[in-house]
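Subject: Structure handover

Hello,

I am passing on the structure below. Please look it over before reading the notes that come after.

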Amino acid sequence: MESRISKSPAKLLRALFSGTPLLAWFLGALAAVLCEQAVGMRVADAVGLPRIPVLFGILFMLKEPSLIPGALLYASLIYILPTCLTARILAPAANRAAAFLLSVSTGLSALVHLFILYGALHFWTDLNDYRLITAKLTLIAVMVTLSLNVINGYMGEFSCSHPGFMALGAYGATVFNLVFFVNDRFFGPALFPPSLGPYFFPVGLVLGGLAASVGALVVAVPSFRTRGDYLAIISLAFMFIVKSSIENLEVVGGPRGLSRHPDFATLPVVFTWTVLCLWVINNFVRSTIGKALNAVRDDETAANAMTVNTRRTKMTAFLFAAFWAGVAGGLFAHVVRYVNPGMFGIQKLAEVLAMVYFGGLNSVYGSIVGAVGIQLLGEALRPLEIFKWIVIPLLLILVMIFRPTGLIAFREFVVEDLVKPKKKEV
Amino acid sequence: MPLLRVEKMTHYFGGLRAVRDYDLTIEPGQIRGIIGPNGAGKTTVFNLITGIYKPTEGRVLLEGKETVGLKSHEIAAMGMGRTFQNMRLWRHMTVLEHIKLARYSKLKYGLAGAFFNTAKRRREEKEGEQKALSLLDMMGAAHLADQVVTNLPYGAQRRVEMARALAMEPKLLLLDEPTAGMNPEELRQIMIMIRDIHRELGLAIFLIEHRLRVVMELCERIQTLVFGEVIAEGTPEETQNNPKVIDAYLGKEKLF
């Protein structure tokens, strides 16, 4: 009896939710956003908020301290309570469903989970355009962070050229779409009927990705002869070269950049590409061919002695990572529907590096946490204005002191473990 | 045809001659050893044979094929496995991953398999895993499969390193001071293990050793290297009684 009483609340909560599978949590999230759709306005009124909070009420809290209780109440009533309640109630049924799905195939189970997650995201972003663009940018940040983690985390080299690769991808996809599917003053009338555009959007993105890979080849050939700081310096130079080249290329708008992007990067499109990117990268890093990257990082001489072609391994991984950065860049340009070389400078680099090192090296989970965390934090702390750039770096320093490899480093992303039914702790 | 043949191999580090006119012949299934004081160039000989350094002069033939000029991973894939004096394990990887990775050159699924998790890749990975586990079982390390190597005790790390070299299915195994830093009990175990490996897999072994007792017990023939030159070659008894070897190890007898 006594041991029950002395249990801490955290332990009690853990015991209460220990048997809840991911499926139930996703359904809970879906229930919460549907709940917001139905009664969000009325609840916001009741707790004294002027309108439905955009990002979980943090913006209100920072702007107007008197609204803090209301915002907290709103977050608990609309998000936390429905999510937890639904997850807990549905847990037994969700466990059976998860077991059944897993018995059919892991792929099917993953698809069902993703579908529900997308549903939640869809209804959440439905209420507000700012939410929509934040969600899209966050998904793109996940792609960029993952791809950089392949180089900086899994391979253990320090690359600074990711904004450059994004720029190549962004301009590649933009020029492709503007030339073929858009009537604009800059490139003249569309060469193909604009209605075909959305179907060829993936082609543009892949071309952008390939352009980035070609750029990566230029960096890789001189830098991978030996190990050391060469890559960091050459890739940094590459980033600046790309930026100033585009600034001086009047064909693609020079420093003013290009606009009039068609609205092809809708939420489902961005979501699908992010999932595809995550799937391919996770497959790669979990294969023995991908593990060769870890071997190169930990001891290249030993890797060579164990039949690993280290030079080819490094080149492949670098080009592969650049490809996904390029695709992410293409999506980025179409989400903000405007592109100029200033977007792909040192600030972008700092942002992406922060996401990788904050989340955790050598870990897909880490990249997701890092990208989502830093991106949302960046948006949520907007009211702090200039102080935002004190809070976020401070947070990074703290993470580096207490967890030098990042929040969730060196963890394998195993889909089976993620979607399997959960047993209750006793 | 001998398994490995080294002819007149010479190597310079800048102006320093590290190895001079080194000759070696290893027949299939033979155990040979190389001894010598610190800095004699023993590890350099290994690095030259395995292609980490390129010899300044001379030839190295593995099963009659010239290996000088090839990359070290290519030479390794031809059937030359090795261990390192300081082990060089991959510190963030598990034991199982070490063993699976040593079969890298035998993977056939390619990048498409790696990116898209094809049926072929799943089959090959599973096969590799089973082979790795049975090898670990043979080495008495199957229970360590999921451990990250840095968490293991020293003796177990040595065992893992040996297993990693064996996973390449080499014809010739080069062991660089396999007993370095071991206590007498670990030493006894590793010697039994080397004998077992030799008997069961029938491969040729070439080892560098510091402790004379180990080489004397294990090897059929021994070379003594001093300042990059072979000063004596013969059976353990011949080597033990060779005055040049005694000189090199114990110093010259003072006559007055």
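Predicted model: local features only at pLDDT ≥ 70, side-chain atom pairs only at ≥ 80, totals over all residues.

Residues are numbered from 1 along each chain as its sequence is written, and chains are lettered from A and ligands numbered from 1 in the order in which they are written.

A nonpolar core here is a set of buried Ala, Val, Leu, Ile, Met, Phe, Trp, Tyr and Cys residues joined through C-beta atoms within 7 Å. Buried means that 20 or more other C-beta atoms lie within 10 Å of a residue's own, exposed means 12 or fewer, and partly exposed is in between, with C-beta atoms placed from the backbone.

The largest nonpolar core has 189 residues, and those touching the most other members include Ile140(A), Met143(A) and Leu172(B). Helix α14 (residues 310–336) of chain A gives the largest share, 15 residues; helices (H or I, at least four residues) and strands (E, at least two) are DSSP runs, numbered from the N terminus.

Beyond its neighbours within four places in sequence, Met143(A) is in contact (C-beta atoms, placed from the backbone, within 7 Å) with Thr274(A), Cys277(A), Trp324(A), Val327(A) and Ala328(A).

Lys8(B), in strand β1 (residues 4–13) of chain B, has a positive phi near 50 degrees although the residue is not glycine. Lys8(B) counts as exposed because it has 12 C-beta neighbours inside 10 Å.

Glu63(B), also not a glycine, has a positive phi near 50 degrees. Glu63(B) lies in the loop between β4 (57–62) and β5 (65–66) of chain B.

Regards

How values were computed: Contact = placed C-beta atoms within 7 Å.
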